[in-house]
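The stops below go from selection to selection.

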Amino acid sequence: MSPNPFSNNIPFRQGNPVHLLNYMCLDEGVAILLDEKALRILKEIHEPIAVITVVGSYRRGKSYFANALLGRHDGFKLGSSVNGCTKGIDIWDTPFYHKGKRVVIIDCEGIDDPNQELPWANKLFILCLAISSTLIYNINGIVGRDDIEKLFLMTKIVSLIQPPNDHQFLPNLVVLLRDFQLDSPPDFVKYFLNIISKTNEDAANELTKFFKKFNVYAIPHPGIRQDAMRNMNEIETDKLDPIFVEKVEESVTKIFEDLHPKYLNASTMSGVTFAEFLERCVAQINDPANTVLSIPSAYESTINYAAQKAYESSLELYNDMMDQMNFKGFPISWDEFKDVHNIAFEEALKNFIQQIIGNADQIQSFRKTFHDKITGLKDQFYMKNSTAMSKYHEEWAHKLWKEHVAPGLEMENLFDTDKFEEAIALFEQIYGTIVMPGQEAIQVLNEFKTNQYEDAIKLLNTYDVLREERANEMLARQAAEKKYYELLQEEEQLKTEINNFKIENEKIQNQLEEKVNSMEECLRNQEQQNGQVIDQLKNDNERMLNEQRAQTQRSIDQQTIEYERMLDQVKEENQSRINNLQDQLNHNNQRKSDFWETFAGIAGSIAGSLIAGLVIGLL
C-alpha cells in the first residue's frame, strides 16, 4: 500500500507500528509484558527522547490522530468496529528528530473498552502517565458525564504514583475534543474546565493541580459520510472538510511546539535510559506487593544503571585510546604519555558526561568515581611504561659500559686515572643523549654509580692505578651522589604520600558531605512525610467533620420532616375533630330549630283552641 500523507504542513514520517507491550492474566493478577524488538529500537536512541502518548476512547479516532502526528492517514491500525483495535501499546518504529530530540509516538489501547480488565486499564494508564512527555487524551467534543468521570479517575490514578520530591514528573496534558460542532469559545481551557466544574468541581481542581501544562484543542467532524469513516486510513486529505484539516494541523503544530524531552530529575533521558526506566516501572507495576508506582525508586535504579553503562563504555574508550601506545611499543617518553592520556581522558570524559543523568550531587559523585577509575587505569599504563623504560635504560647503560669502560678494566688494558675519568665522562655523555627524561633514567645511572663505579674504582686502586687518596675521593663523591639520589627519592616519596593524603582527605570530606547531604535529604523527606501525614490528618479530620456535619444535618432534616409529618397529622386529626364537633353543633342547632318550629306549631294550635273556646263562651 502506498503512503497516504496528511498534508504538506505536517512532515510525513516513514516507518511502521510495532508492539511495545501487552498483558497476560496470571493467578495473582494482570502482568505487563514488554516486547524485546521495541526495546531494542528505544535503546538505539542516544539523543534526548520525547514521548507523545495518545489515549482515550477506543471509538473516537484515537489511532487516527496518532497517525496525524506522523503526517499521514495510515500507520497505526484503525478500528472500524465497535471493538477497539489497539491492544496494549504500539510505538512507531522510526523515532524522528525534532528540535534536538528524538520523538517516539505511542498509540495506547482505549481505556474504556468494554472487553478490558479494570486492573489492566489502571496499570496501563499509570504507565502512560509515568513515561510520557505529552499525554493526549482523546474524548468527544460534547463533554458528557462519563468523560468527566474518566478525567476525575485520571487524577485519582495519579495518586497511585509516588512522585519525586524535586521534579515535576507528570507530562503535559492535551485534551482533544473530537467532532466539536459548537461555536468556538475565546479560551478552550476555561470553557473545558467550566463544563467539568458544573458536574464535578473536584475533577476540574485536580486537573489543574496535577498537570502544570494543560491545553485543550477542538477538532470538528471530518465532514465525510459514516461509511467513508470506516476507511479513514485510505481517504485522501482533499476529500475531508478543510476546517477539519486546518484544526488538525494547528493542534499537531502546537503539540510539537510545547513538546519537551522526557526528564529524569534535571537530566534528559536518552533511549537507553528511557528503556531502562520503562522496564523498572513495569517491574514495579507487575509486583503485587507494590500499591504505588514509586517514581523516585525507578529513577534511582535508572540513574545508577545509566552511570554503570557510562563507566563501562567510557573506560573502554580510554583503554582503547591508551592501547595505541602498545602498538608503538613501550617505552615512550613521558611527554608523549601525558599527551596521549590527556586526549584519551578528554574523549572518555566527554562520552561519560553525555550518558550520566541525575541531579547535581549525583552527577558530581559519578564524576569523582569516574576520575578515580581513570586514575587506576592510568596507573596501570604508567607502570607498564615505567617498567619498559627502566629495562630500556638498563640495556643501554650495560651496552655503553661494555663499549667505553669495561675494556679499560681488563688487566692488559688497565686505565690510568685520567683515562678512567675520561671513559666515565664519555659513558655519561653518550648515556645522556639516548635517555628518555624521567626518574627511570636517573635511577639506572645511579645504580651504575653505586655498583659498577665502585667496583671499577676498587679494582683500579687494587692495581695501584689510582692512588688511595684519589680512590677515596672518587668513592666519597659516588657516596655523596648516592645520598643525594636517595634524598631525591625520599622527596618524591614524600610528595607522593602528601598527594595521596590529600586525595584520601578529599575522599573523606566528600564522604562526609555525602553523609551530611544524605542526612539533610532524610530530614527533608521526613519533614515532607510529616507534613503529608499532618495534611492527611487534617484532611481526614475535615472529611470526618464534614461527614459528621452532613450526618447531623441529615438527622436534623429527617427529624424536621418527621416533626412536620406528625404536626400535619395532628393538624389533620384536630381538624377532623373540629369538623365532627362542628357537624354535631350544626346538628344540634338543627334539632333546636326543628324543636322550636314544632313547639311553635303546637303552641299555635293550643292558642287557637283557647281563643276559640273563649269566643264560644262569650257568645
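Helices here are DSSP runs of H or I, at least four residues long, numbered from the N terminus. The model is a predicted one.

Begin with helix α15, residues 468-618, and select Asp568 within that helix. Asp568 has a relative accessible area of 42%, so the residue counts as partly exposed.

Next, select helix α14, residues 439-462, and pick out Glu454 in it. With a relative accessible area of 22%, Glu454 is partly exposed. Now draw a distance from the C-alpha of Glu454 to the C-alpha of Ala479: the value is 9.3 Å, for residues 25 apart in sequence.

Move to helix α9, residues 295-322, where Tyr299 is found. Is Tyr299 buried or exposed? Its relative accessibility is 2%, and buried means under 20%, so Tyr299 counts as buried. Tyr263 is 36 residues away from Tyr299 along the chain, yet their C-alpha atoms are separated by 9.9 Å.

The last stop is helix α8, residues 271-286. At 1.5 Å a residue, its 16 residues should span 22 Å, and the end C-alpha atoms are 22 Å apart, which agrees. Which residues of α8 are buried? Colour Gly271, Thr273, Phe274, Ala275, Glu276, Phe277 and Leu278, then Cys281, Val282, Gln284 and Ile285: these are the buried residues of α8. While looking along the helix, keep in mind that an α-helix has 3.6 residues a turn, so residues three or four places apart point the same way.

Notes: Residues are numbered from 1 along each chain as its sequence is written. This is a predicted model: local features need pLDDT of at least 70, side-chain atom pairs count only at pLDDT 80 or more; totals for chains, interfaces and linings use all residues. Side-chain values use heavy atoms; hydrogens and water are left out. Helices (H or I, at least four residues) and strands (E, at least two) are DSSP runs, numbered from the N terminus. Buried means under 20% relative accessible area, exposed over 50%, partly exposed in between (1.4 Å probe, protein chains only). The expected span of a helix is 1.5 Å times one less than its number of residues.
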